[in-house]
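Subject: Structure handover

Hello,

Here is the structure for your files. My notes on it follow below.

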Amino acid sequence: MLIIGSHVSFNKDNQLLGSVREALAYDANTFMFYTGAPQNTKRIPINDEKTYEAFKLMKDNNMDLRNIIVHAPYIINPANTENLDFSINFLRQELDRVEKLGITKLVLHPGSHVQLGEDIAIKNITHVLNSCLLSDTKVDICLETMAGKGTEMGINFDQLKKIIDGVLYKDKVKVCLDTCHLNDAGYDLKEFDVILDEFDKKIGIDKIACVHINDSKNILGSHKDRHENIGLGTIGFDNLINIIYHDKLKGVPKILETPYITNGIDEKNKIYAPYKFEIEMIKNKKMNTNLLEDIRNYYK
């Protein structure tokens, strides 16, 4: 079965229940969200009543909680020596919040070393992971593949392997592939079988816990990380469909993080979620050449 969804909101009033409702409105059977703003530490208490209501709604709609994903905030930078204690403490809090929501996957950017170099960065990342992942931790941390912007880590499978090799509880560390990031890091997604073979040899295909499905505004190897809507970028619709339906990724949740669409008039205030339309294209395996126009007309 295709497990497809998108990034959704998590607001203070309805929390997980609101996230489920939004995902269902997109005809999705999974979703990803932040438990608070990704750029700051402000967090609202988890409302158990809303969580249980969300569980019921998910069950009624055959949505499996094991496929739901939380994304850790950007302000956690495990690669940099500065503020390592903050990264550890805040990541521990996020793990606790994810566990309280009954979710078992937390996507984490490996961070940027800020001119410290790869070796020190890997040492820092493994230290953070070893400080947060205990024998009884119920949430897996999924390291995301990155585009290589600035001094980002996780830009190739060798770096990810070195990080995982240094973690004590390796079974609790997984990987989140991001198609835009892979493209921008220099992986040619037209050769996805070759890419998966390399990943399997170096890390193991069973470590892939989720895939972020994004087209890219950038050419191969640009190291820029600018997402594009499905079929409108340099990766292309057919290559993304091949990844989404790949036999070796059956049962792996696929999450859209594509840009919102402006109405073409007021680009600051009128923006529309594309996910319902992109999910429809993916399910039909057919590109909608009028994608942007159809989205704008739907939200008028």
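Buried means under 20% relative accessible area, exposed over 50%, and partly exposed in between, with a 1.4 Å probe and protein chains only. At 3% relative accessibility, glutamine 15 therefore counts as buried.

Two notes on the source. This is a predicted model: local features need pLDDT of at least 70, side-chain atom pairs count only at pLDDT 80 or more, and totals for chains, interfaces and linings use all residues. Residues are numbered from 1 along each chain as its sequence is written, and side-chain values use heavy atoms, with hydrogens and water left out.

Glutamine 15 sits in helix α1 (residues 15-25). Helices (H or I, at least four residues) and strands (E, at least two) are DSSP runs, numbered from the N terminus. Phi of glutamine 15 is positive, near 50°, in a residue other than glycine. Leaving aside neighbours within four places in sequence, glutamine 15 is in contact (heavy atoms within 4.5 Å) with Phe10, Ile44, Pro45, Ile46 and Asn47. Glycine 150 is 135 residues from glutamine 15 in sequence and 34 Å away in space, C-alpha to C-alpha.

Glutamine 115 is not a glycine either, and has a positive phi of about 70°. Its place is the loop between β4 and α4. At 68% relative accessibility, glutamine 115 counts as exposed.

**Helix α3**

Helix α3 covers residues 84-100, 17 residues in total. The expected span of a helix is 1.5 Å times one less than its number of residues. That gives 24 Å for α3, and its end C-alpha atoms are 24 Å apart, so the two agree. Buried residues in α3 include Leu84, Ile88, Phe90, Leu91, Leu95 and Val98. Ser87, Glu94 and Arg97 are buried too. The buried residues of α3 pack against β3 (69-71), β4 (105-108), α4 and β5 (140-144). Glycine 102 follows α3, with a positive phi near 80°.

**α4 against α5**

Which angle do the axes of α4 and α5 make where they cross? Roughly 45°, with the axes of α4 (residues 118-132) and α5 (residues 157-165) coming within 8 Å. Axes are lines fitted to C-alpha atoms, for helices over the stretch in contact, and angles run from 0 to 180 degrees between N-to-C directions. The two helices are therefore oblique to each other. Angles under 35 degrees count as roughly parallel, over 145 as roughly antiparallel, 65 to 115 as roughly perpendicular and the rest as oblique. On the α4 side, Glu118, Ile122, Ile125, Thr126 and Leu129 make the contact; on the α5 side, Gln159, Lys162 and Ile163 do.

Regards
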